[in-house]
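Biologist: Before we talk about labels, please put the model up. I want to hear what stands behind each one.

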Amino acid sequence: MSKVAIVTGAGRGIGRGIALKLAKELDYNIVVVDIDEESASSVAQEIKNVGKDAIAVKCDVSNNEDVERMVEKSFEFGEVDAVVNNAGITRDSLLLKMSEKDWDMVLNINLKALFLINKAVCSKWVSECKKIAEDLGEDRPAPSAYPKRKIVNISSIVAKGGNVGQANYVSSKAGVIGLTKTIAKEMSRYNVNCNAVQPGFIKTPMTDKMPEKIINKFIAAIPLQRMGLPEDIAGSVKFLCSPDSDYITGFSIEVDGGLDM
Ligand code: CAA
């Protein structure tokens, strides 16, 4: 049975790039998770077209019932051994104009969702590990007794230095780094690696809606003199899901063209 990766926010942009790369280059079957069912189905079809299997699951990642249903479906689909928490939104405005609703929405989708999904998936993995330990007749075997599992959480480069107009987004993405390091420490005994990727300024539907003058300001500040592409992020996620990174956990890779050196 092929291994399975769950990728959230995979209907477009960076998530779609990650889902396709993991299917094509790491031989994963993919659970394509998105709030938009149509785009999730279309990416699932793209994955099938390259010879791997995929299911599309509509899910509001900030809703625990939706998350539990999505995780159940994923484990029925196959042996889940990687999760990429990519779904995220922006609701930019200056602090003094930011509404409580926009604060809550961004924190719920960008940070609380990762708590819900990682908790639900890790709970399944730990149950499996407990069975393995029982079969071995050992209380706490070494992590290597268990299958290697990978979590990759998508943060942002702005988590490092803040960004004007993004108090909610930056707070959520800085939280992702803290959550990643904590999960890495708690779950290493079950052979789960948990790492993050911090994208810089990437060309996606999210950045397409930014004012042109701000886009140009960003590009002028990037040493590699271009916006990143979803494939640039997918490459580092592929590394963190592959055996090449089996000894890396609690780490974050900055993929930003040098924007924040
Ligand atoms: N520093 C300090 N104050 C600033 C500022 C800055 N860089 N930019 C704006 N302001 C303040 C100033 O007081 C300004 O008044 P002046 O005209 O006197 O300069 C005032 O804001 C009004 O500015 P705007 O007319 O631009 O205000 P606005 O309310 O229309 O928009 C904004 C503000 C929402 C922050 C807008 O500028 C914006 O959308 N900025 C982009 C935010 C951004 O960088 N988003 C990143 C998206 S990409 C992403 O999120 C992915 C990732 O992971 C990196």
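What follows takes the labels one by one.

Modeller: This is a predicted model, in which local features need pLDDT of at least 70, side-chain atom pairs count only at pLDDT 80 or more, and totals for chains, interfaces and linings use all residues. Residues are numbered from 1 along each chain as its sequence is written, and side-chain values use heavy atoms, leaving out hydrogens and water.

Biologist: Why is T180 called buried?

Modeller: Buried means under 20% relative accessible area, exposed over 50%, and partly exposed in between, with a 1.4 Å probe and protein chains only. T180 has 1% relative accessibility, so it counts as buried. T180 touches N153, C194, N195, A196 and F251, not counting residues up to four places away in sequence; contact means heavy atoms within 4.5 Å.

Biologist: How do you know that the span of helix 3 agrees with its 14 residues?

Modeller: Helices are DSSP runs of H or I, at least four residues, numbered from the N terminus. The expected span is 1.5 Å times one less than the number of residues. For residues 64-77 that should be 20 Å, and the end C-alpha atoms are 20 Å apart, so the two agree.

Biologist: What makes the buried residues of helix 3 line one face?

Modeller: In helix 3, V67, M70, V71, S74, F75 and F77 are buried. Seen down the axis, they fall within an arc of 150 degrees, so they line one face; the arc is that of the directions from the helix axis to the C-beta atoms. On the other side of helix 3, E65 and E76 are exposed.

How values were computed. Helix = DSSP H or I, 4+ residues; strand = E, 2+ residues; numbered from the N terminus.
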